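Welcome! Please take a look at the model below, and then we will walk through some of its features together.

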Amino acid sequence: MLKRVVIAFLIVSALAVLWFFYSLNRQNGFTQVTTVNIESGITADKIAQALRSRGLITNVFIFKLYAKLTKADSRLVAGTHQIEARSSIKSIIRQLTINTNIDRELTITIIEGWKIKDIAVYLQERGIVDEQEFVSAGTIDNWRDQYAFLQDKRIKSLEGFLFPDTYRIFSDAQAEDIIKKLLDNFDRKVTAQMRFDAPKDNSSFYDALILASIVEREALYDDDRRVIAAIFLNRLKQGIGLQSDATINYVTGKKSPRPTYADLQVNSPYNTYKYRGLPPGPICNPGLTSINAVIYSQPNQYYYFLTDSEGRAHFGRTYAEHQQNIIKYLEN
């Protein structure tokens with residue numbers, strides 16, 4: 001009888017230990033980096049209760065027990081901490097026992113319309129990561145399996161998916177860390193509903209993103225973007241070339257508002273004067289306004305537009321109206 005009791009006790013103990021380590025190391029469900037403030041003198045119990053109320057942990061007992069066993073309850077650092085997404089209880093305790101990460105952070109701003117190359121140069125100029133290191137880390141094969149929106153086999157680059165925004169990053173962040181932060185933000189901001197709502201005329205969300213990148217570079221003012229997006233959609237439906245100057249500049253690397261005749265002759269699938277339809281990929285990383293402008297474009301009867309010296313767009317239903325706009329806004 002005693003032997004059975006001992007065996008039962010050992011089994012229960014082993015199961016308890018397994019449960020403890022499973023609960024300690026299991027990833028929690030929160031999906032964003034979360035800021036946690038630790039007040040001076042606060043107990044491990046109150047910290048655990050606060051973490052559970054915010055959905056960062058599910059088991060207060062495991063938190064308190066591990067903190068006590070490792071003496072971490074006396075080493076919790078007061079201040080502001082950034083808790084990594086999906087951190088386990090063990091990882092959270094570790095992060096709360098090191099000096100506050102906020103002091104090691106930098107702010108970076110990725111501008112709408114920047115190409116991957118522009119982002120890489122910017123980060124190198126800030127002394128954060130090497131330009132070539134960033135470009136190499138952004139190879140599509142490194143990321144395709146991690147995000148549903150990268151599954152389209154036509155996608156050959158992260159161009160278009162590095163979401164423009166202002167970010168806080170650690171000063172010692174690696175290129176992969178920054179790219180992941182930008183892609184995670186794209187996943188949050190460009191919602192599943194938006195991807196579903198993208199134009200369906202024998203196209204996909206990736207096509208909408210390609211067009212959004214062109215709209216981003218063509219329009220200076222937000223109130224012009226939906227109109228311009230609809231113009232490009234009108235031209236695509238009618239099989240008319242997009243004839244976007246922005247795509248020419250993407251090929252030549254120039255920033256000229258008016259491509260030269262020689263520029264228009266360049267042989268590239270991104271030359272939308274020479275080839276009809278969309279180019280094979282985005283020409284920049286568009287902002288949310290341009291993406292929305294394509295997905296929720298403003299239907300119209302226009303097929304032409306031009307921008308004046310102040311960046312304001314003027315629209316024409318026919319080529320004759322377009323010619324009149326050229327005379328009125330460009331030749332005076």
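## A charge over a ring

Over the ring of which residue does the charged end of Arg312 sit? That ring belongs to Tyr221, and the charged end lies 3.7 Å from its centre.

## About the model

This is a predicted model, in which local features need pLDDT of at least 70 and side-chain atom pairs count only at pLDDT 80 or more, while totals for chains, interfaces and linings use all residues. Residues are numbered from 1 along each chain as its sequence is written, and side-chain values use heavy atoms, with hydrogens and water left out.

## Aromatic pairs

A pair of aromatic rings is described by the distance of the centres and the angle of the planes. Rings of Phe, Tyr and Trp (its six-membered ring) pair if their centres lie within 6.5 Å; planes under 30 degrees apart are stacked, over 60 edge-to-face, and the rest tilted. The structure holds 13 such pairs. In one of them, Phe149 and Phe161 are stacked, at 5.6 Å centre to centre and 20° between the planes. Both residues lie in the loop between helix H6 (131–137) and strand E4 (166–170), so this pair ties together parts that are 12 residues apart in sequence. Helices (H or I, at least four residues) and strands (E, at least two) are DSSP runs, numbered from the N terminus. Phe149 and Phe161 are both buried, a word that means under 20% relative accessible area, with exposed over 50% and partly exposed in between (1.4 Å probe, protein chains only).

The rings of Phe163 and Phe186 have centres 6.4 Å apart and planes at 75°, so they form an edge-to-face pair. Phe163 belongs to the loop between H6 and E4 and Phe186 to helix H7 (residues 175–189), so the pair links parts 23 residues apart in sequence. Phe163 is buried at 4% relative accessibility, and Phe186 is buried at 0%. One aromatic cluster takes in Tyr147, Phe149, Phe161, Phe163, Phe186, Phe205 and Tyr206.

## Strand E4

E4 pairs with strand E3 (residues 105–109) in the antiparallel sense over 5 bridges; strands pair if DSSP finds at least two bridges between them. Opposite Arg168 in E4 stands Thr107.

## Two pockets

On a 1 Å grid over the protein atoms alone, a pocket is an open set of points where a 1.4 Å probe fits, with protein on both sides within 12 Å along at least five of seven lines; lining residues have an atom within 4 Å of a point. The largest pocket holds about 1200 Å³ of space, where grid points are joined across faces, edges and corners and a volume is the space filled by probe spheres set on the points. Its lining has 45 residues, with Glu218, Asp245, Ala246, Pro257 and Arg258 nearest the centre.

The second largest pocket has a volume of about 680 Å³. Of its 24 lining residues, Val33, Arg168, Asp177, Lys181 and Asp184 lie nearest the centre. H7 gives the largest share of this lining, 8 residues.

Key
Lys NZ or Arg CZ within 6 Å of the ring centre and 35° of its normal.
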